[in-house]
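Please review the following briefing alongside the sequence and coordinates.

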Amino acid sequence: MSLLEIDNVTLRFGGLVAVDAVSLTVNEGEVFALVGPNGAGKSTIFNMISRFYDPAEGSIRFDGHDLLQSTADQVPGFGIARTFQNIELFEQASVLQNLLVGRHRHRKTGLLSNIVFSPNAYREEVRHREAVEEVIDFLNLQAYRDKMIGGLPYGVRKVVELGRALASEPKLLLLDEPASGLSVEETQDMAFWIEDIQTQMGISVMMVEHDMGLVSAVSGRVMALSDGKELATGTAAEVQSHPAVIEAYLGTGEISKTGTSRA
Amino acid sequence: MRFVFKTSYDTDIRLFKHRAQATWYALLLLLVLATPLYFVAIGDAYLLGEITGVLILAIAGMGLMLLTGHTGLPSLGHATFMALGCYLNINFLGAGVPWLIAFPLSGLIAGVLGTMIALPVLRLHGVYLALATLAMSILTGDFVVIAEPWTGGIAGAAVPDINIFGIEINRYSTPYKFYYLVLFVAILLVWFYRNLLRTPTGRSFTAIRDSEISARAMGINLTRTKATSFFLSATAAGLAGALFGHSAGYVTNETFDLVMSITLLLMIVIGGLGFIHGAFFGAIVVGIIPVAIANGRSFLATTFDVNINVPGLESALFALILVGFILFEPMGLYGRWLKIRTYFELFPFYRKDMFKRQKSYLKTDRVQ
């Protein structure tokens, strides 16, 4: 059953067509990867799902909701969590506090009960902390629980961001380049986690990734994009051997005579 | 070195991290409760009035701290909300409303009006928001003059005494009662503030401060959350304004001027942005400087026969101190204290860059 349906979506920035009539579906329990050269429109698709961008045409439906009718802050409420390409954590807060913000969509108490710290607020706080501890346990973040983000190495921040998204208990997880900047070992950890997220937690994953090793290891279906257009969709091996994809990455093989004059 | 072993979620949730900390705050509470005894003993309550003034500034400072320090929205217009609270309080009391109702009500209405004024400018960021609130601050004096029937205009308005169930409280005739009243309000607000920070509301504020895009992606409604922060902030400022009126006894169109707004912002920067302590440390500095200057002046005049009478000396000193803090201690006095404490707690493992920030506080600070 399809969870996310993107139908014929087009987005233009002025004259530039960033995403050109792309359609895709992400099924329940699936890991779906978007690959393609820089500027292909992968992150733009994420930002449209997150409702940071408004597509000019097309429709995006998630789990029975029309996302285009919603605002960015309503999207997490449907069960979509995401990470960012350039880590966007709350720098002046500890790892624990960052993960707790991820629980925001499950918030039940209002301002007044928060201010007087009512028994309800206390119970909710304990519940949130229980859920967050599970994520900390899952991602092996115990050593960093009370550390400020500002002092953490890049690799750990990447994991914290994944943890913050997981803390919201999503149905669909959007990972924007989860392995960029990670070492080989860290990338392997990331691959195991993504597998566990899919198989044990039953969360569907949609990711943008350049590391084809990670993509082939975890994803069921892969879509290759270039210049905002779909090139091919299929398994990682099929997409990698698709002529249009090879052309987009490596060129046509015809060397332009005038090309040498370009710096 | 101290290790706190966490055995339950309460360890993180409760107000004090460990017993030693709770003991220190209990001692501090005893100290502030016993302070008036000293002034009773020497029979001169002038300095107690100054201390009460510092507490009132700290209440306003907490309001601004919530907005600027925790939500990341700079405001140069908080004197406006103080003025709102002050004049509302005067009018309620004048209409015969008991103080116990008039005081909180004027704070809340100041909060609501403040939010209504702020809603259009909340879409602005950083320096633009600061400019919009600055404009608000500049207009305040004029509005006080225009609203003469309620404010007394240029001639000013006298602030009625506080009456709680028959107990008359006046800054001059009953300074001790006034001190305890202000202290109670300050402690209550600190408690509210602490509760906010350990619950989702406070976390959504800091989330917006650190990354708006991320906050939205976590399901935080920016406009509503910012408006909430503005409401709470303006309410605290309104309460402080009402108390300030009682403390001053007489307010005119020049009481809540631009200088007051700037002083508040300066206060929280000197104290330490993002810490409740910062509001109090800043208020102490701002409260002490005029007294210190006056004392220094009379000392120079009597001992060395040197008369310094430079107009604007205080403002210049404030400016100098602010520049000094921004350059050398951006985390403020409380930040300095944190570093000293950490140094001793971790001795000898303290590193120089332990408190280094990778991102600057307000987005406008970043060089784009």
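**Burial and overall fold of chain B**

Buried residues make up 42% of the 368 residues in chain B, a residue being buried if 20 or more other C-beta atoms, placed from the backbone, lie within 10 Å of its own. This is a predicted model, in which local features need pLDDT of at least 70, side-chain atom pairs count only at pLDDT 80 or more, and totals for chains, interfaces and linings use all residues. Residues are numbered from 1 along each chain as its sequence is written, while chains are lettered from A and ligands numbered from 1 in the order in which they are written.

- Chain B has 15 helices and 4 strands; these are DSSP runs numbered from the N terminus, with helices being H or I of at least four residues and strands E of at least two.
- The radius of gyration of chain B is 21 Å, which agrees with the value near 21 Å for a compact globule of 368 residues; it is taken over C-alpha atoms, and the globule rule is 2.2 Å times the number of residues to the power 0.38.
- The C-alpha trace of chain B spans about 55 × 55 × 45 Å along its principal axes.

**Nonpolar cores**

- The largest nonpolar core has 83 residues, of which B:Ala58, B:Ile59, B:Ala60, B:Met62, B:Met82 and B:Ala240 touch the most other members; such a core is a set of buried Ala, Val, Leu, Ile, Met, Phe, Trp, Tyr and Cys residues joined through C-beta atoms within 7 Å.
- Helix α3 (residues 46–70) of chain B contributes the largest share of this core, 13 residues.
- Another core, of 79 residues, lies apart from it and includes A:Leu4, A:Ile149, A:Leu173 and A:Leu175.

**Sheet in chain A**

- An open sheet of 4 strands has the order β2-β1-β4-β5 in chain A, with antiparallel pairing; two strands pair if DSSP finds at least two bridges between them.
- The edge strands, β2 (16–27) and β5 (65–66) of chain A, each pair on one side only.
- Strand β4 (residues 57–62) of chain A is joined to β5(A) by 2 bridges, and A:Phe62 stands opposite A:His65 in β5(A).

**Helix packing in chain B**

- Helices α13 (residues 276–303) and α15 (residues 332–346) of chain B have axes that come within 7 Å and cross at roughly 115°; axes are lines fitted to C-alpha atoms over the stretch in contact, and angles run from 0 to 180 degrees between N-to-C directions.
- α13(B) and α15(B) are therefore roughly perpendicular to each other, a class that covers 65 to 115 degrees.

Technical notes: Buried ≥ 20, exposed ≤ 12 C-beta atoms within 10 Å, placed from the backbone. Parallel < 35°, antiparallel > 145°, perpendicular 65-115°, else oblique.
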